[in-house]
Amino acid sequence: LPLRLASSALEARVFVPGQQINYEGYRLSAIHFIIRGRVQLLELGVPKLLLRDHDSFGVEDFLGALVD
């Protein structure tokens with residue numbers, strides 16, 4: 001049952017190439033799962049990590065917000 005509840009809370013979002021998902025220094029309010037595509041993470045405008053299919057990001061921010 002908990003998995004069913006969690007999956008019902010998922011929301012599909014589509015981003016186009018070049019679209020900014022978040023701004024550096026701002027907490028993410030959700031966990032993002034990459035189903036298909038790539039997401040480039042930047043630090044001070046410098047590429048730091050390239051995420052691909054089945055990667056995720058935002059876990060730390062989301063969990064941190066739960067305990068704040």
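Visitor: Which residues make up the largest nonpolar core?

Guide: A nonpolar core is a set of buried Ala, Val, Leu, Ile, Met, Phe, Trp, Tyr and Cys residues joined through side-chain atoms within 4.5 Å. Buried means under 20% relative accessible area, exposed over 50%, and partly exposed in between, with a 1.4 Å probe and protein chains only. Here the largest such core has 5 residues in all: L28, I34, V39, L51 and F57. This is a predicted model, in which local features need pLDDT of at least 70 and side-chain atom pairs count only at pLDDT 80 or more, while totals for chains, interfaces and linings use all residues. Residues are numbered from 1 along each chain as its sequence is written, and side-chain values use heavy atoms, with hydrogens and water left out.

Visitor: What is L51 in contact with, leaving aside its neighbours within four places in sequence?

Guide: Contact means heavy atoms within 4.5 Å. With those neighbours set aside, L51 meets I34, G37, R38, V39, L41, S56 and F57. Under the same exclusion, L50 is in contact with R38, V39 and Q40. L50 is found in strand β3, residues 46–51, and counts as partly exposed because its relative accessibility is 34%. The C-alpha atoms of L50 and F62 are separated by 20 Å, although the two residues are 12 apart along the chain.

Visitor: How many helices and strands does the protein chain have?

Guide: Helices (H or I, at least four residues) and strands (E, at least two) are DSSP runs, numbered from the N terminus. The protein chain has 2 helices and 4 strands, in the order α-β-β-β-β-α from the N terminus on. Helix α1 covers residues 2–8 and includes S8. S8 is classed as exposed because its relative accessibility is 58%. Between S8 and G25, 17 residues apart in sequence, the C-alpha to C-alpha distance is 29 Å.

Visitor: Is H32 buried or exposed?

Guide: H32 is buried, because its relative accessible area is 14%. H32 lies in strand β1. Not counting residues up to four places away in sequence, H32 touches R13, F15, I21, D55, S56 and F57. F33 is also placed in strand β1, residues 32–33, yet F33 counts as exposed because its relative accessibility is 52%.

Visitor: Which residues form a nonpolar patch on the surface?

Guide: Like charges are joined within 9 Å, and nonpolar side chains (Val, Leu, Ile, Met, Phe, Trp, Tyr) within 5 Å. Accessible areas come from the Shrake-Rupley method with a 1.4 Å probe; for residues, only the protein chains shown count as cover. In this model L10, F33 and I35 form such a patch, with about 370 Å² of accessible area together.

Visitor: How many aromatic pairs does the structure hold?

Guide: Rings of Phe, Tyr and Trp (its six-membered ring) pair if their centres lie within 6.5 Å; planes under 30 degrees apart count as stacked, over 60 as edge-to-face and the rest as tilted. The structure holds 1 aromatic pair. Y23 and Y26 form it edge-to-face, with 6.5 Å centre to centre and 70° between the planes. Y23 is exposed, because its relative accessible area is 52%; Y26 is exposed as well, at 59%.

Technical notes: Patches are made of residues with over 30% relative accessible area and no salt bridge: like charges are joined within 9 Å, nonpolar side chains (Val, Leu, Ile, Met, Phe, Trp, Tyr) within 5 Å. A salt bridge is a side-chain nitrogen of Lys or Arg within 4 Å of a carboxyl oxygen of Asp or Glu.
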